[in-house]
Amino acid sequence: MDLTSTLTAIRDFRDERDWRQFHNPKDLSAALSIEAAELMECFLWIDKSEVDQMVDQRRIKIEEEVADIAVYLFHLVDVLQIDLPNAINRKLEQNRAKYPVDKSRGNAKKYTEL
Ligand SMILES: [Mg+2]
């Protein structure tokens, strides 16, 4: 995956339409949440046992919603001038401290329950 050219394409799409003016943290974070809800809607009211079949049937729709989420996340990162790799690494470091391997391996408990 060539992330740099993808991010350039996203920025070009926005700038060709002069939409940067509409991009603020409040609306971008709302748009991100709305797109996440659209992804969740793909699985709404189905049994856990039906998830794999649903993914097969609706793969294109699911991929589109994931792409919407990624695009809005990129716009938010761009507007807030976040160094995303650095932010991710910082968060991973925090999570390593919260979820030590010896206590969290193989279970899904929240760190407060370990
Ligand atoms: Mg969508």
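The centres of domain 1 and domain 2, taken over C-alpha atoms, are separated by 24 Å in this predicted model. Domain 1 covers residues 3-82 and domain 2 covers residues 83-114, with bounds that come from an automatic or database domain assignment. Residues are numbered from 1 along each chain as its sequence is written, and side-chain values use heavy atoms, with hydrogens and water left out. Local features need pLDDT of at least 70 and side-chain atom pairs count only at pLDDT 80 or more, while totals for chains, interfaces and linings use all residues.

A magnesium ion is coordinated at 2.1 to 2.2 Å by E35 (OE), E38 (OE), E65 (OE) and D68 (OD), where donors are N, O and S atoms within 2.8 Å of the metal (3.2 Å for Na, K and Ca), and the site may look incomplete since water is not among the atoms. Along the chain, these donors follow the spacing E-x2-E-x26-E-x2-D. Because E35 lies in helix α2 (residues 25-41) and E65 in helix α4 (residues 59-79), the pair ties together parts that are 30 residues apart in sequence; helices here are DSSP runs of H or I with at least four residues, and strands are runs of E with at least two, numbered from the N terminus. E35 is buried, at 10% relative accessible area, and E65 is buried as well, at 3%; buried means under 20%, exposed over 50%, and partly exposed in between (1.4 Å probe, protein chains only).

Two loop residues deserve a look. D18, in the loop between α1 (3-16) and α2, has a positive phi of about 55 degrees although it is not a glycine, and is partly exposed at 48% relative accessibility.
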